[in-house]
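Please look through the model below before reading the points.

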Amino acid sequence: MHRWHNLLRENSSAAKTRWPTQTNKSSMRALKLLTRSYRFSVAYGDLLLLENGWYVTHTGLLRMARRSRCAGMHAEPVKEFSEPSAARWAFKATVYKSHDCKGFVGYGDADPSNVSLLVHGAEMRVAETRAVNRALRKAYGIGICSVEEIGSFAEPTSSSRDSKKLPPQPVNGNYGGPKVRDRLCQLIRQHQLDANLVKSYAVDFCGTKTLREATREQVEGFVAHLADWAEKDRNALLCKLNSYARPTEAAA
């Protein structure tokens, strides 16, 4: 009981620090329930608060499975519903809570139309992750959606063919326009990155003196690069971002 109360205090403090404009009585009540029921940790990235709703992350589900001594997981593509040439994938995942468990099954699908632009080209991995997440949520009775499903609600984009015909356009201080800016902000929230350090890295990546001078094409490339690195090795990305931090004054 003492350990649970400590975790709740840590989660409450972390949530108010990270999402000061979104935390309210309703979200904090939900956080209390999630903390008590599943021992999720905000500090470890188990939960994200997006648009006043809590989402569990893939990391959070795996950590919970480990705490619960999950016996194993198995994932495999569903060939009859997959079409690699069209980047369309479907996966079946089975979670075994114990060695004599018959298994809890979850299915996940992904294609360019239902994933975020940030992960285009990685539809197979997204489908597998979604399947595993759904199987884990079913096995342990978790009623909230996983953050990896956010791409499903992404607004359809206009024809990419038309956009490719356009010459590179100046960013003019808006990070490549509202759509690019929104994708970048979503990426920063999802992986809990420091926005100022990301901006510094973007300037260096684009090879310009300021982000205002970068073209839309350059910023699009940076967003895709950042998304890929964050997914593959977030710790390495954090080390890279920290290299852009300004040295603080030495203590007297």
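1. A crossing of two helices is called left-handed if the near helix is turned anticlockwise from the far one by less than a right angle, and right-handed if clockwise. By that rule, α7 and α8 cross in the right-handed sense.

2. This is a predicted model, in which local features need pLDDT of at least 70 and side-chain atom pairs count only at pLDDT 80 or more, while totals for chains, interfaces and linings use all residues. Residues are numbered from 1 along each chain as its sequence is written, and side-chain values use heavy atoms, with hydrogens and water left out.

3. The protein chain has nine helices and five strands. Helices (H or I, at least four residues) and strands (E, at least two) are DSSP runs, numbered from the N terminus. Along the sequence the order is α-α-β-β-α-β-β-β-α-α-α-α-α-α. The protein chain has 252 residues, of which 39% count as buried; buried means under 20% relative accessible area, exposed over 50%, and partly exposed in between (1.4 Å probe, protein chains only). Of the contacts in the protein chain with a separation of 6 or more, 58% are between residues 24 or more positions apart. Contact means heavy atoms within 4.5 Å.

4. Which strands form the open sheet? Three do, in the order β3-β4-β5, with antiparallel pairing. Two strands pair if DSSP finds at least two bridges between them. The edge strands, each pairing on one side only, are β3 (72-77) and β5 (104-110). From one strand to the next the twist averages 20°. Six bridges join β3 to β4 (residues 89-96) in the antiparallel sense, and H74 stands opposite T94 in β4.

5. Helix α4 (residues 123-140) lies across β3, β4 and β5, and runs at about 150° to β5. Axes are lines fitted to C-alpha atoms, for helices over the stretch in contact, and angles run from 0 to 180 degrees between N-to-C directions.

6. Two packed helices are described by the angle between their axes and the distance between the axes. For α7 (residues 195-206) and α8 (residues 216-232), the axes come within 10 Å and cross at roughly 120°. That makes α7 oblique to α8; angles under 35 degrees count as roughly parallel, over 145 as roughly antiparallel, 65 to 115 as roughly perpendicular and the rest as oblique. In α7, V198, Y201, A202, F205 and C206 meet residues of α8 including F222, L226 and W229. The contact of α7 with α8 has nine nonpolar, three polar and no charged residues. Here Ala, Val, Leu, Ile, Met, Phe, Trp, Tyr, Cys and Pro count as nonpolar, Asp, Glu, Lys and Arg as charged, and the others, Gly among them, as polar.

7. Helix α8 also packs against α9 (residues 234-242), at an angle of about 125° with the axes 5 Å apart. These two helices are therefore oblique to each other. L226, W229, A230 and K232 of α8 make the contact with R234, A236, L237 and K240 of α9. By class, there are five nonpolar, no polar and three charged residues.

8. Is T208 buried or exposed? T208 counts as buried, at 17% relative accessibility. T208 is placed in the loop between α7 and α8. Apart from its neighbours within four places in sequence, T208 is in contact with V203, E213, A214 and Q218.

9. Q186 is found in helix α6 (residues 178-191). Q186 is buried, with a relative accessible area of 18%. With neighbours within four places in sequence left aside, Q186 is in contact with S116, L118 and I150.
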